[in-house]
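Hi everyone, thanks for coming.

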Amino acid sequence: MTEARTHRAAVLVERGTAPKFEVRTVPVPTVGPNDVLVRLSVTSVCGSDYGLAAGHMGPCGDILGHEGIGRVVEFGSNAESLDSSLQIGQRVGLAWNRDVCGQCSFCMDPNNDAEARCSARLFSGVAADGTFAEFAVVPVRYLLKLPASLDSVSDEAIVPIMCGGVTAYKAIKECGLLPGQYIAVVGAGGVGLLALMFAKAMGYRTIGVDINAEKGVLAREHAHVDHYIDLSADVPKPSDDTPAPPANPFWSPVGDVVKKLTPSGLGVNAVLITSGATAAYQSAFGMLAPFGAFMCVGIGPLDKPVLFHPVAFIANGWRLLGSAVGKRGDILEALDFVKRGLVKPLTKPAKFSDIDKLVTEVGLGKVDGKYVIRLDDEEASDAKAPEAVPVAA
Ligand SMILES: [Zn+2]
Ligand SMILES: [Zn+2]
């Protein structure tokens with residue numbers, strides 16, 4: 001019976017830097033004994049969906065998407081014995097990690113973030129069908145139950161936290177800053193804007209950096225940044241009457257501008273790079289104060305490495321860090337900022353049928369905030385095949 005059921009999903013039909021998706025009616029994935037079936041109400045679109053579709057992040061499946069909110073509508077035969085508190089209608093979140101193997105070296109290390117790095121790659125859109133679909137199957141052992149305390153918060157406000165939000169929050173948390181210290185966020189798009197919001201809410205002084213004035217308007221209005229640097233206008237060009245730059249890869253014109261905004265001109269205590277551009281990474285070294293944290297988040301093409309000399313890290317006591325999404329606990333911590341109104345994700349409603357265009361726009365950084373697609377609206381329902389799955393009461 002399960003095999004006969006269908007739902008609408010956006011299927012990746014052409015990979016590459018101009019990926020193509022088609023919204024098709026496809027079989028609902030099989031609900032195993034230890035799984036639940038989730039009816040998704042919303043999905044948002046992440047830059048990594050483009051990265052996967054473009055082939056920048058290794059092999060992927062056909063149904064992408066890793067920011068989804070939905071309700072449990074069906075139990076696998078063994079689900080209730082695994083979690084007796086489980087109820088039909090439970091609101092849940094679907095994120096990048098869809099399960100952990102429990103066996104690999106990451107999973108066996110209790111001190112690190114196994115959930116973000118399990119080598120079995122049990123990720124949305126890679127090992128499991130993603131959230132660009134009306135239904136999804138989730139193992140009970142890895143369900144992210146959203147507590148009733150979040151009932152007052154809309155799906156639209158929660159869904160950007162599933163990847164972009166928790167990525168921003170966790171990366172800032174891992175920098176280990178003290179209240180009042182400075183953080184620069186290079187790239188003020190989807191994740192970057194959220195990072196600037198979280199950093200301010202967490203008690204740090206913030207500097208946003210991006211390539212145009214429009215991002216600055218958003219960063220000031222929505223993230224209340226202390227400073228914003230528009231690379232196209234606020235940084236001296238080589239042709240200007242400025243001293244010749246020192247010959248090292250740790251100096252950058254924007255680094256000098258950032259340093260002037262910090263106490264004694266020493267630089268920021270952490271720089272978080274959300275852009276995948278090599279130039280963005282390269283320029284970020286020049287912003288960092290002694291003992292600063294260089295936090296890598298943005299992912300660019302694998303054939304575009306970043307240059308550094310160890311002596312700068314040795315001499316300055318810098319810490320080179322990388323962060324990947326976060327644990328379920330980090331997601332719930334991040335959501336508490338949303339519930340308290342300290343972080344208000346900037347969202348734009350979008351249509352499922354436009355998914356093709358949306359993924360590319362997000363991937364190329366052409367959208368402000370996060371696109372949120374309702375998967376339970378009239379358009380989606382009307383287009384369902386007659387044999388579409390019944391939603392359990
Ligand atoms: Zn594992
Ligand atoms: Zn993502």
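Let me start at one residue: leaving out residues up to four places away in sequence, Pro-253 touches Val-235 and Pro-236. Before going on, please keep in mind that this is a predicted model. Pro-253 sits in helix 8, which covers residues 253-260. Is Pro-253 buried or partly exposed? It has 18 C-beta neighbours inside 10 Å, so it counts as partly exposed. Buried would take 20 or more.

Now let's step back to the whole chain. There are 13 helices and 15 strands. The radius of gyration is 22 Å, close to the 21 Å that the globule rule gives for 393 residues, so the chain is as compact as a globular protein of that length. Along the principal axes, the C-alpha atoms fill a box of roughly 75 × 40 × 40 Å. Of the 393 residues, 46% are buried. And if you take the contacts with a separation of 6 or more, 69% of them join residues 24 or more positions apart.

How is the chain divided into domains? Domain 1 is made of 2-163 + 326-382, and domain 2 is 165-322. Their centres, taken over C-alpha atoms, are 29 Å apart. Where they meet, 24 residues of domain 1 are in contact with 17 residues of domain 2. On the domain 1 side, the elements giving two or more residues are helix 1 (47-54) and helix 11 (328-339). Helix 11 provides the largest share of that side, five residues.

Let's stay with helix 1 for a moment. How many of its eight residues are buried? Seven are, which leaves the helix mostly covered. The buried ones are Gly-47, Ser-48, Asp-49, Tyr-50, Gly-51, Leu-52 and Ala-53. They pack against strand 1 (6-14), helix 6 (190-201) and helix 12. Just past the end of helix 1, Gly-55 takes a positive phi of about 90 degrees.

Next, some strands. Strand 15, residues 370-374, has four of its five residues buried, so the rest of the structure largely encloses it. Which strands pair with it? Strand 3 (residues 35-44) pairs with strand 15 in the antiparallel sense over three bridges, while strand 14 (residues 347-350) runs parallel to strand 15 and is joined to it by four bridges. Val-372 of strand 15 is a handy place to look: it is the bridge partner of Ser-44, and it is also the bridge partner of Pro-349. Strand 14, helix 12 (residues 355-363) and strand 15 together form a right-handed β-α-β unit.

Strand 3 also holds Val-36. With 26 C-beta neighbours inside 10 Å, Val-36 counts as buried. Apart from neighbours within four places in sequence, its contacts are Val-72, Glu-74, Phe-75, Gly-76, Ala-79, Val-138, Val-140 and Leu-143. For a sense of scale, the C-alpha atoms of Val-36 and Asp-210 are separated by 42 Å, and the two residues are 174 apart along the chain.

My last stop is strand 8, residues 182-186, where five of the five residues are buried. Tyr-182, Ala-184 and Val-186 point one way, Ile-183 and Val-185 point the other way, and all are buried. Strand 8 pairs in the parallel sense with strand 9 (residues 205-210) over five bridges, and there Val-186 stands opposite Val-209. Strand 8 also pairs in the parallel sense with strand 11 (residues 268-273), over four bridges, with Ala-184 opposite Val-271. Here too we find a right-handed β-α-β unit, made of strand 8, helix 6 and strand 9.

What does the model have over residues 182-199? The chain there is 56% helix and 28% strand, and the end C-alpha atoms are 9 Å apart.

Key
Residues are numbered from 1 along each chain as its sequence is written. Chains are lettered from A and ligands numbered from 1 in the order in which they are written. This is a predicted model: local features need pLDDT of at least 70, side-chain atom pairs count only at pLDDT 80 or more; totals for chains, interfaces and linings use all residues. The radius of gyration is taken over C-alpha atoms; the globule rule is 2.2 Å times the number of residues to the power 0.38. A residue is buried if 20 or more other C-beta atoms lie within 10 Å of its own, exposed if 12 or fewer, and partly exposed in between; C-beta atoms are placed from the backbone. Two residues are in contact if their C-beta atoms, placed from the backbone, lie within 7 Å. Two strands pair if DSSP finds at least two bridges between them. A crossover is right-handed if, with the strands pointing away from the viewer, the path from the first strand over the helix to the second runs clockwise. Domain bounds come from an automatic or database domain assignment.
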